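Welcome! Let's get to know a new structure together, one question at a time.

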Amino acid sequence: MKKFGGLVLFIFGILLICQIAAADESNWGNIDWVQFKGTQLNVLATSMPVSEVYKSKIAEFEELTGIKVNFELLNDVDRKKKQLVDYASGMGEYDVANVGFSNREEFAQPGYMESLQPYLDNPKLTDKDWYNIDDYPKDVLAGGISGDKLVMIPFTAEYFLLWYRKDIFSLLNLTPPKTPTELKDVAAKLEEARKDGKIEEFAFIERTMSGASEGGWNLFCTAHRLGFDFVDFKDMISYTNTPKGIEIMSFYTDLCKQYGPPGSANWTWTDIGAAAAQGKLAMVVGGNASYAYLEDKNTSKVAGKMGYVPPPMENGKDPLWIWGWAINAKSKNKEAAWLLVQWLTSPNLITEMAPLYGCPARKSVYSLPEYIEAMPSQEFIDSQLWMMENGIDPDTQFLLTPMYGEVADLVSKEMNAVVAGIKTVEQACQDAEAALIKIGFKASVQ
Amino acid sequence: MVSSHGGISTPMRIQRTTQEDRRFIIWSILPSLFAVVLVGGVPVLYTFILSLKNYQLIKPPGVFIGLGNYIDLLTNNPRYIHAILFTILFAVGAVVIEIVIGFLVASVLADEEVTSRYSSLIRTLILIPFVVAPVVVSYTYKTLIYDVTFGYLNYFLQLVHLPVFDLSQGIYSAPIGILVMEVILRTPFVTLILFAGISSIDASIFDAGAIDGVSWWKRMYLLTLPIIKPIIVVAFAFRFMDALKMFDEIYVITGGGPGYITENASIFAVRYGFEYFRMGYAAASAFIFLIVVLVLIMSFLKWSKFEEGMA
């Protein structure tokens, strides 16, 4: 009997060790992940590469927690509209949704986004040591804070990079531009080479299609990198029709008109990415997250040929852009929703997914061998790290106001009219300012 | 009154039957009436109430401002006036072209010789653009046909050394590009309606004309057109209302640009509602547009003497 009892104890001990080892191997922190088993969550996300990866992983969350997740992907414009209608109606249809940085205040100020700090501080819901929120760079996490409330947890850290064709630059003995003046010079040399028949690619492109999330975004960011903002949202002053405003508008539209492909004034971001991947462009100011389109050997003609450096700057920095996960303040399953948000932004999942989308919000990932191995080049990683440490301005004022959408749309429409040859730069700046004054801005006194 | 059986009914019987009929009619239409009020009346009423408020999605709740949104739109927003004018001119232009082409194609299809040989093939072919979703057609036109870098149209234009057609340049290219696409996309609908009308004309009328030596043009002008006028009016009214509320095509191809050139009333309302979050303002713009559409359609029907034609 004693022998039998010893055997039972031995087996029990082995099982316990196996259990601990298994728990350690899965390493999902010290909380009860199945406490909301049987709950159903609805998630709304923008259709983009990182969301596709998330969607492919959701089954693992369902297995871990027993929570059923409906993961819906929509293009960004429709995602935002549907999210806004859901928030404003108070129906709480979507428990969790991704939120872009520029939408943060639009949703946070009316109280549509749940404050996440109480969930983060609740030991029943979060193992803080395991979750390690300090892994987020301070400026990146600040992107998820509205007022004094943490309203979304970032999962990407994005900014612009200058994409350039290494083979063409090598052929023409050019170096990537660092300043706006150098950008103009290099673009002129590339255009000259194209006219001489040395290359077929067009020199340069930025988005000029009107719209706050199209040309408006690029225009405002380019201006910010040059130390200028078209408007001051705090004091509601427009600088659009000032000499500096006209100079920046001229710089932007001249570059796009002189060196961009014909017809590109109507191109969305997807069209530009497709043109770059098809080898039609020599230089693009584009997002770091888009490298995946360019480096896909199955679909891109320029895979392995692209270089990535910080975009030309002078007296300014690039605005930080983050995507974050947020909980609907009207959700009926907030605690289960937090488990999902925590899982989506966990060190485990971000580490696993980062090599697939390239721009994780957690800094520890950037030094992992599997991440480095998956990136197109060390230049790409170095450029990202340089941008995170030196090149971004996390307090970019124009992004942190609900009025950004309207203002950027109005200004970008005038910019687009210049590129279309309908208006002069001076007329466009004057008209943009008149439109801004109509919605409450004052003209600057200079 | 004569009963359905042909005899003269007693007054009592007439009254009882009428009451039953009335009750039956009321109960029959009640579900439909309820559905119409629910999906049509309630949203219109809600839109009207919303239009009287300064209601912003991101700053709820709304504040009642009476006709403030209406006054601002009509007196202080040239962008809105442009959108309304563009919408009406574009719709008139598109539908007139569609009716003319649709009538000619329908006449050819209704020709007995063509009908006996190729009609089913032609009808199938012209239905192709009609059955594809407008968004898909619009994106196809934008990227595969009109695009200067990737599009077939400009590829062929360049082959024959003609200037490229660039939607994003100047004030005429974008409206023309959308108009051409709209005509190709929607003409089949008009053609089918007019084809049905022409086919229903008694052949003996044309035979009588032929005996009198009436030319093809005179036959069209003096016989076909007057006979199918009510059908043309219906086709025009349907298509006109449809063209006035066009959204997908413009949204995909130009987004309302360049500048504000192709921004119509629908794009304007969506932009103010969902991008600027001014729901009250957007609702007022939609309501004004609703009134404009009603006035235009009623004026057109009156001008065309539609009811007389039907009689």
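## A first look at the two chains

Strand β10 (residues 237-238) of chain A pairs with β16(A) in the parallel sense, over two bridges. This is a predicted model in which local features need pLDDT of at least 70 and side-chain atom pairs count only at pLDDT 80 or more, while totals for chains, interfaces and linings use all residues. Residues are numbered from 1 along each chain as its sequence is written, and chains are lettered from A and ligands numbered from 1 in the order in which they are written.

Q: In which order do the three strands of the open sheet in chain A stand?
A: Strands here are DSSP runs of E with at least two residues, helices are runs of H or I with at least four, and both are numbered from the N terminus. Two strands pair if DSSP finds at least two bridges between them. The pairing in this open sheet is mixed, and the order is β9-β10-β16.

Q: Why is one side of β9 and of β16 in chain A left without a neighbour in the sheet?
A: β9 (231-232) and β16 (442-443) of chain A each have a single partner strand, so one side of each has no neighbour in the sheet. Both strands stand at the edges.

Q: Why is chain A as compact as a globular protein of its length?
A: Chain A has 19 helices and 16 strands. The radius of gyration is taken over C-alpha atoms, and the globule rule is 2.2 Å times the number of residues to the power 0.38. For 446 residues the rule gives 22 Å, and chain A is as compact as a globular protein of that length because its radius of gyration is close to that, at 24 Å.

Q: What radius of gyration does chain B have?
A: Chain B has 14 helices and two strands, and its C-alpha trace spans about 70 × 60 × 30 Å along the principal axes. A compact globule of 311 residues would have a radius of gyration near 19 Å, but chain B has 25 Å.

Q: What percentage of the residues of chain B count as buried?
A: A residue is buried if 20 or more other C-beta atoms, placed from the backbone, lie within 10 Å of its own, exposed if 12 or fewer do, and partly exposed in between. In chain A, buried residues make up 49% of the 446 residues. Of the 311 residues of chain B, the buried part is 33%.

Q: How many residues of helix α14 of chain A are buried?
A: This helix covers residues 334-344 and is mostly covered. Among its buried residues are A:Trp338, A:Leu340 and A:Trp343.

Q: How many residues of chain B are in contact with chain A?
A: Two residues are in contact if their C-beta atoms, placed from the backbone, lie within 7 Å. Chain A brings 28 residues to this contact, and chain B brings 23.

Q: Which element of chain A gives the largest share of the side that touches chain B?
A: Two elements of chain A give two or more residues to this side, α3 (76-89) and α18 (404-419). The largest share, seven residues, comes from α18(A).

Q: How far apart are the centres of domain 1 and domain 2 of chain A?
A: With bounds from an automatic or database domain assignment, chain A is divided into domain 1 (31-158 + 321-392) and domain 2 (160-319 + 394-443). Taken over C-alpha atoms, their centres are separated by 28 Å.

Q: Is A:Met152 buried or exposed?
A: A:Met152 is found in the loop between β5 (149-150) and β6 of chain A. Its contacts beyond four places in sequence include A:Val99, A:Met113 and A:Trp325. Because 30 other C-beta atoms lie within 10 Å, A:Met152 is buried.
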